[in-house]
Amino acid sequence: MGPHGVKAVFFDLDNTLVDTAAAGRRAIEEVPRLCSFRRGAATLQSKHRYGEGEARAVCDKVQAKLLKECHDPAKMCITDLRISHWEEAIQETIGGEANRDLAAECYYLWKTTRLQHLTLAEDTRAMLTELRKGLRLLLLTNGDRQTQREKIEACACQPYFDAIVVGGEQKEEKPAPSIFHYCCDLLGVRPAECVMVGDSLDTDIQGGLNAGLKATVWINKAMTAPVDTSPVPHYIISSVLELPAVLQKMEHNVNAKLEADHMASSDE
C-alpha cells in the first residue's frame, strides 16, 4: 500500500494461524489409547484397577484444568504446572498416592501429540507468502517462552515472518501497548501503519486499540458476536484467509479518501 496505508500486519498464533484448540482436543482424545497408559497398564490395573473409562475421566479432568489454567512463570515453570494437572487428575480419578512419574509420562505424550497436530495449513502459507510481497509480517503471541517457541517450531512458520515476538520473553504481554510498540520498532513502522489480526478480543483487539494501531481484525470463527462486543474491532472475519479482502477494502478506502481530499482541494 501507499504511504498512507498499511505497511505491516501483526498476527496472533494460537487459534488464529493455527488451530491450537483442535490440536489439544485431538491429543487429549488420543492419550487413552496410546502407549502411555498401555505401558503403565499392568501397574495401574493391578494396583488401582485402572481401565479405559478411568483413562477417559483423567483426560477430561486435565482438559478442564487446562481451560482454567493460570500460569505465573515466576512461581512455577509451565512443565511442572502441567505435570501437576495430570498428577491431580489421576489422583482425583483413582485415588491412592500421587504418581508423579506416570503424570509426567502422560503430560509428555499429550504435549508431543498436540505438537504433531499443530500445522500451518497450506492455504494459510500461500496467503502469508503473497501478503509478504508487499507488507512486513510479524508474529505476536502471548504465552510461556518454551511452550510458544515449541509451537512455532512445530508448525514451521518462521520463514513467513520478518520477526517473531513471544510475550513471555518481554516485560509485558498483549494487551499492553509496550509490546506492540516494540513490534513497530522491530519493523521500522509506526503504529498507524499496522494492523493486528487475532481471535482474542481481550488481548489482540484491545491491545491493538491500546497501542493506536491503524486497524484491528477480529477472527470470530463462529460469527456469533456477544451481546455486548467490547472492545469493538474495526473488522470481523470468520477465517484468517479473509484478511486479504479486508486489506484490499482498507486500501480502497484510503484511495477514495485521497481522491476526495484532492477534489476538495481543487475546488478551493
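**Notebook: sheet and helix packing**

I began with strand 4 (residues 194-198) and strand 5 (residues 215-219), which run parallel and are joined by 4 bridges; strands here are DSSP E runs of at least two residues, helices are H or I runs of at least four, both numbered from the N terminus. The model is predicted, so I note that local features need pLDDT of at least 70 and side-chain atom pairs pLDDT 80 or more, while totals for chains, interfaces and linings use all residues. Residues are numbered from 1 along each chain as its sequence is written, and side-chain values use heavy atoms, without hydrogens and water.

I looked up the partner of glycine 198 in strand 5 and found tryptophan 218.

Next I read the sheet order: 6 strands form an open sheet, 3-2-1-4-5-6, with parallel pairing (two strands pair if DSSP finds at least two bridges between them). Strand 3 and strand 6 (235-237) are the edges, each pairing on one side only.

I then checked strand 2 (residues 136-141) and strand 3 (residues 163-166), which 4 bridges join in parallel. Threonine 141 has valine 166 of strand 3 as its bridge partner. The chain goes from strand 2 through helix 8 to strand 3 in a right-handed β-α-β crossover (with the strands pointing away from the viewer, the path from the first strand over the helix to the second runs clockwise).

Helix 8 lies across strand 2 and strand 3, at about 145° to strand 3 (contact means heavy atoms within 4.5 Å; angles run from 0 to 180 degrees between N-to-C directions, with axes fitted to C-alpha atoms, for helices over the stretch in contact).
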